[in-house]
Amino acid sequence: MKAKRLYKNSIELLQGTLDLLILQTLQWGPRHGYGISQAIRTGSGDVLQVDTGSLYPALHRLERKKWIKAEWIVSDNNQRVKSYQLTAAGKKQLLAERSHWDKLATAMAGILHPAGQGGER
Amino acid sequence: MKFWRSLSDKDAELDAEIHAHIDQAIRERIERGESPNDAFSNAMREFGNVGLVKEVTRSMWSWSLLERLVQELRFGLRGLRKSPGFSLVTILTLALGIGATTAIFSVVYAVVLRPLPFGDPERLVAIWLSTPQSDRMPMAAAIYRDIKDQSKSLEDIAIFRATANYNLTGDGEPEWLRGSSIPSNLFALLQVEPLLGRGFTPEENQPGNDYSVILSYALWQRRYGADSNIIGKAIRLENVPYTVVGVMGPNFQYPTRDTQLWTPLTINPADFQTRGGFMHTTIARLKPNATVSQVQGDLNIIATHMAQQYGAASANVRLVAAPLREDVAGTSTKPLLTLLAASLGLLLIGCCNLANLLLTRALNKTQETAVRSALGASSGQLIFQAVAEVVPLLFAGGILGLVVALLGVRLLLPLLPTTLPRMEEIAVNLPAMLFSVSLLFATAILIMIIPLRHMRRADLVSSLREGARTLTAGRTRVRNVLVVGQVALTVVLLTGASLLIRTFAALKEVDPGFRSHNILSLRLAIPRNKYKQDQKIVTLCQNILERVRTLPQVEVAGMANRLPLSDPSGVSAIEFERSGEGRGFLTSTDDTTITPDYLRAMDIPLLHGRFFSEADNAGAPLVVILDEQVAKRAWPGENPIGKRVRSGPWSPWAEVVGVVGHIRHENLETDERLQIYWSYQQRARDRMSLVVRTAADPHALVPLVLNTIRSIDPDQPAFAIKTMSEVIDQSLSLRWFNALVVSLFAMSSLLLAMIGIYGVIAWNVRQQTREIGVRVALGANRNSLLMMVIGKGLKMTAAGIGLGLLASFVLSRFLRSLLFGIGQTDPLTFVVVPLLLLLASVLACVIPARRAIKVDPIIALRYE
């Protein structure tokens, strides 16, 4: 448990954020683990670096929850890779989490940037 | 199988997935222009700890708990293979603890504790009379009627004749069968139903109308081939046809396990008037909410009424009620409960030993555990590991325990005295097994878990730095306490065993007053229907004796109607004439009818006067032979020959012609029963036993004697063929069994205690290797080192012995009633047992002590 906590702490993402990011990334089509981590990284302008110690547990957890499903395919480089894709339940979950995230973000912004100080920015 | 494959598939998949990840990272880095070497190391660094990633990912799988268990079990098994001694001792401890306790409890349960196979058995009570002369006297019909009429807390009450035996003839060998005469309401009272046919009707309990019989299941199976048409057929008992009206089920074995048939009870109406006929067993069923003490209250009032109504004769008579279950278990209860206590003791010792073994194990692994913990294993994981490690041991120990229990019950059965009630109901008792299993398992798991829960980070650091020393001080104390406790319990068991063995030995040494070597005895139940007049019985006895005397090896042959240590005592008394001071009475006498040669055959010595002769016949003056104790009490200091005694006011006076040695009739222990012998021609009896003294092994004579009897009367059964040595052994069989089993327990516990002491001392020596090394380096004498190590062991043992002796001292009071010939504080026992334990603990210390003096100072100083 300690070991796992260590990894979770190292990514500065809120609990559940990684799940949302993975689901969001898979929205554009199936990807393998390395692809997902690269997509998150480039998509965030190298700000978010997903640790493998968090990524793979998350992938396997999401797979168990049946939000994503995996299949072995042969990649462009002729390599066998495990490719993940969204399921119908995953899409629903993505929508729910996104609206949840939006609400949270709005609320956070409201607190961090009160209306009076809004102009400064 | 599928589970395993899918699990390893999944593992392989994860491997492949991670591989692919790293491969791709390397490829992209190379494409970006990194050298292959840099690309590889950078990708690896970026990925992080592969093993850890795998582990955290695996923990997401739903079955990872199971998988982990499997892993840990494999790990545990590997560890056990590396320490076979520890594993073996642990498994044996478990097997012994579980097996022995279960086997003994199973016996005790079946005989003593198990409910009787009757409806609502807790409401059944036995009732009997208690007088100053006899603790336990059978009931008379008149008293039964008083109880029936006056008791308020009884729903129903029945009297019956527990023993009403019959010669069965026709269709096959003549047989003597144990029977019982019962009233029509007995089955309803016990709430049992016949398997076939019906119970008796009240009409059948009328004298003259009582020629009906109910067969036991065993007799029906054995002699009548389970004939389902047997109802209505007639069988010949005592040469009279009895109609079979019912067959009982296999579970109905009342009043004894070898009761083969039941006949209707008839009570002589005169018995209600005279208040005589004390020969009935009484049982009753309580009203639904009544208690035994309420019944006892009723009985006390009834006894008081009796005293007022009938005066002095019944003044000291008490009526006693007790639960029927206790009554059926009878005298075997206490010895068996002793065994149960001993087996619980063994179970406790087993627990101590197990705890000790596992603690040793845990101590040896302190550093390993600390390393694991420092590497990030959570306390949950550590506990999991610890438990997984003992599970294979518990499993193996449990299985072996079951085997020991099954074998144990099998081995115990033939050792058990055949007189024990309800023996066929003995089977391995599952709840008892579960109890011992869970006690031991809980001990094991607690021992493995508790120390871990208290392990704090600070402890870890110090235990990593200094080896196991700091962490272990507390636990070593726990282990010392466990060993002391174990030694104490062992002392208690050994003391008990020693007292029982010494009792047994003392009883074997008791002179019963008669000879047991080379004496054959067998019973003849002479049918009164065939030999109606006393003279006919006398003639039959004479014929048999005459022919038996001519057989080879026969020295003397005689007959008696009551054999010592196998027939119950009588309930008679005698009145005797005294010169000058009127008459005196002696109670608790046994009247025995004998042929002239009986006393000679049994080697009962003649002290004064003469034995009987054939001339002491019905026409001659009535004569009697007394044992020395009667003579001493009736006429102290006087010559008893020529004095007169009689059996009661209604009997004629008889002249004393001889005085013989006292014999132990009822038991070998404290038998003060007075023996009165009558001549068989003057007081004929039909239940005679033949006693033959031979020059060689009497067993060889059995067929010859049986043939002789058959040739005189082919319908005459002869049964219960035993040598007198066998009779004596059987009277001691429960004691023998007790002594044997308690000794086995004590020996096992001694062994376990030795293992415990060895474990602790060996551990101490390992702990002190450095200290010993320093001492050796500084020139310490090896002998003094030896003494130092052994001394430590002896200190623990001494503490245990002290405690144990104290406990034995207290507990042996409960054994007192089982002891004979020695005091409860038998000095020999209380000296030998501590010495034995001291010796054992020296032995247990020798191996570690020898290891200590062989310590090489250089290695020792480097040690740890």
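Over how many bridges do strand 1 (residues 124–130) and strand 12 of chain B pair, and in which sense? The legends below take this up first.

This is a predicted model, in which local features need pLDDT of at least 70, side-chain atom pairs count only at pLDDT 80 or more, and totals for chains, interfaces and linings use all residues. Residues are numbered from 1 along each chain as its sequence is written, while chains are lettered from A and ligands numbered from 1 in the order in which they are written.

**View 1. Strand 1 and strand 12 of chain B.** The two strands pair in the antiparallel sense over 6 bridges. Strands (E, at least two residues) and helices (H or I, at least four) are DSSP runs, numbered from the N terminus. Pairing requires that DSSP finds at least two bridges between two strands. Trp128(B) stands opposite Val320(B) of strand 12 of chain B. In a regular strand, side chains alternate between the two faces of the sheet.

**View 2. The open sheet of chain B.** Its 4 strands follow the order 2-11-1-12, with antiparallel pairing. Strand 2 (154–160) and strand 12 (318–323) of chain B stand at the edges. Each has a single partner strand, so one side of each is left without a neighbour in the sheet. From one strand to the next, the twist averages 30°. Angles run from 0 to 180 degrees between N-to-C directions; axes are lines fitted to C-alpha atoms, for helices over the stretch in contact.

View 3. Contact here means C-beta atoms, placed from the backbone, within 7 Å.

**View 4. Strand 9 of chain B and its partners.** Strand 9 (residues 240–247) pairs with strand 6 (residues 196–197) of chain B in the antiparallel sense over 2 bridges. Leu196(B) has Val247(B) as its bridge partner. Strand 7 (residues 212–215) of chain B runs parallel to strand 9, joined by 4 bridges. There, Leu215(B) stands opposite Val247(B). Strand 8 (residues 234–237) of chain B runs antiparallel to strand 9, again with 4 bridges. Ala234(B) is the bridge partner of Thr243(B). The hairpin of strand 8 and strand 9 of chain B has 2 residues between the strands, and Glu238(B) takes a positive phi near 50°.

**View 5. Helix 25 of chain B.** The 34 residues should span 50 Å at 1.5 Å a residue, and the end C-alpha atoms are 46 Å apart, which agrees. The expected span is 1.5 Å times one less than the number of residues. A kink of about 30° is centred on Phe809(B). The bend at a residue is the angle between axes fitted to the seven residues ending there and the seven starting there. Buried residues of the helix include Leu785(B), Val789(B), Met796(B) and Ile801(B).

**View 6. Leu786(B) in helix 25 (residues 782–815) of chain B**. Leu786(B) counts as partly exposed because it has 16 C-beta neighbours inside 10 Å. Leu786(B) touches Ala849(B) and Ile853(B), not counting residues up to four places away in sequence. Its C-alpha atom is separated by 9.3 Å from that of Cys845(B), 59 residues apart along the chain.

Terms used
Buried ≥ 20, exposed ≤ 12 C-beta atoms within 10 Å, placed from the backbone. Contact = placed C-beta atoms within 7 Å.
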